[in-house]
Amino acid sequence: MTQSIDKTTLISSTCVVNSYNEWDPLEEVIVGIVDDAMFPSWNTINQWTVPPGAWETVEEIVGEGGVAYPAEFVTAAKKCLDEFVHILEAEGVIVRRPDRMDFAAPYSTPAWQIDNGFCAANPRDVFIVVGNQIIEAPMADRGRYFETWPYRSLVRDYFKQGAQWVAAPKPQLLDDQFDPNYEVPEDGEPMRFVTTEFEPTFDAADFVRCGRDLFAQKSHVTNSLGIKWLQRHLGEEYRIHLLESRCPQAMHIDTTFMPLAPGKVLVNPEFLDISALPKILNSWDILVAPYPLFTSTNKLGVISGWANMNMLMLDHERVIVEKSQEPMIQALKDWGFIPIPCSFENYYPFAGSFHCATLDIRRSGGLQSYF
């Protein structure tokens with residue numbers, strides 16, 4: 001049964017940056033771009049986060065890493081973005097876009113060097129917004145070390161308008177951060193990941209927000225120290241609850257666990273043991289995601305087929321969802337939501353869908369407790 005909300009707090013901010021959950025009415029959002037995107041050349045993490053056999057497919061289509069995405073991939077993804085932005089603006093949402101960046105440029109630290117970066121397609125990976133704070137994530141992927149740069153002009157502008165701008169400690173990403181002997185756990189073994197506990201790292205997309213309560217998962221990019229850092233930074237006003245993913249390629253929570261509205265959460269039946277969810281969710285409706293439809297559009301296959309869960313809430317009813325995923329669209333209708341279909345499969349080669357491709361900057365509403 002859905003729990004009514006009677007524990008309110010009452011912080012309502014007039015700051016341009018104001019977002020505490022995944023479902024309050026969306027007023028302003030950053031949407032990524034695919035210009036200048038490069039295939040990774042450093043794949044210590046990527047080799048474990050893509051579905052089995054995917055890198056071989058990538059090499060067959062585009063060759064070795066460190067090359068630009070083919071022009072036809074970029075063009076097709078831009079068409080998806082145009083449709084997506086049109087829907088957002090038609091629904092009254094202000095859309096901001098990052099600047100372009102030369103991702104083909106090599107870079108280095110005193111400890112390592114790398115041939116190129118990735119892209120600015122997925123701002124949700126790079127930042128998490130909690131209230132009026134924009135928090136830069138200490139990402140574990142060397143190929144994404146400077147991925148905040150395309151957003152700097154936006155973040156500076158938000159800071160000048162009163163937002164808090166916070167950066168987690170920039171990790172060194174020394175070799176000690178990665179397990180050189182990593183192997184995928186056998187069935188029945190505890191889940192483990194290639195990133196070690198040498199220092200805190202996390203991608204912001206390994207967290208989702210439900211007011212005072214956030215949910216997180218450990219993955220190939222997010223370690224226990226990273227989750228602990230965010231909890232200490234946010235303080236006692238917030239609680240972070242850990243979900244244990246069963247996915248060997250775990251990277252980002254939004255194909256595993258997606259809060260859709262107060263008291264309603266969408267759960268992946270393969271990646272999570274539904275009987276072992278945190279007890280705090282006992283009063284919520286657990287909506288089991290329908291299995292995704294697999295189409296021929298996503299030729300690279302670099303993200304999970306469960307991208308059908310990766311959706312964006314415009315409010316607690318309206319939700320933007322992949323147009324081809326008819327079982328998901330019907331399930332959402334059955335659960336009382338209003339799905340807005342949008343073609344987005346040609347964005348998948350850039351490692352994201354609607355939730356990944358956005359960073360909600362302002363949602364109307366204040367900080368509340370939903371549990």
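Are F39 and Y69 buried or exposed? Both residues are buried, as seen in this predicted model, and they open the series of close-up views below.

**View 1. The aromatic pair of F39 and Y69.** The whole structure contains 25 aromatic pairs. In one of them, the ring centres of F39 and Y69 lie 3.9 Å apart with planes at 10 degrees, so the pair counts as stacked. F39 belongs to the loop between β2 and α1, and Y69 to the loop between α2 and α3; the two residues are 30 residues apart and link distant parts of the chain.

**View 2. The crossover between β10 and β11.** Strands β10 (residues 213-217) and β11 (residues 239-243) pair in parallel through 5 bridges. The chain passes from β10 through helix α6 (residues 224-234) to β11 in a right-handed β-α-β crossover. A216 has L242 of β11 as its bridge partner.

**View 3. The open sheet β12-β13-β14.** Three strands form this open sheet, with mixed pairing. Because β12 (257-261) and β14 (285-288) each have a single partner strand, one side of each has no neighbour in the sheet. Strands β12 and β13 (residues 264-267) run antiparallel and are joined by 4 bridges, and F257 has V267 of β13 as its bridge partner.

**View 4. A lysine over an aromatic ring.** K264 lies over the face of F337, at 5.1 Å from the ring centre.

Definitions and conventions. Residues are numbered from 1 along each chain as its sequence is written. This is a predicted model: local features need pLDDT of at least 70, side-chain atom pairs count only at pLDDT 80 or more; totals for chains, interfaces and linings use all residues. Side-chain values use heavy atoms; hydrogens and water are left out. Two strands pair if DSSP finds at least two bridges between them. A crossover is right-handed if, with the strands pointing away from the viewer, the path from the first strand over the helix to the second runs clockwise. Rings of Phe, Tyr and Trp (its six-membered ring) pair if their centres lie within 6.5 Å; planes under 30 degrees apart count as stacked, over 60 as edge-to-face and the rest as tilted. Buried means under 20% relative accessible area, exposed over 50%, partly exposed in between (1.4 Å probe, protein chains only). A charge sits over a ring if NZ of Lys or CZ of Arg is within 6 Å of the ring centre and within 35 degrees of the ring normal.
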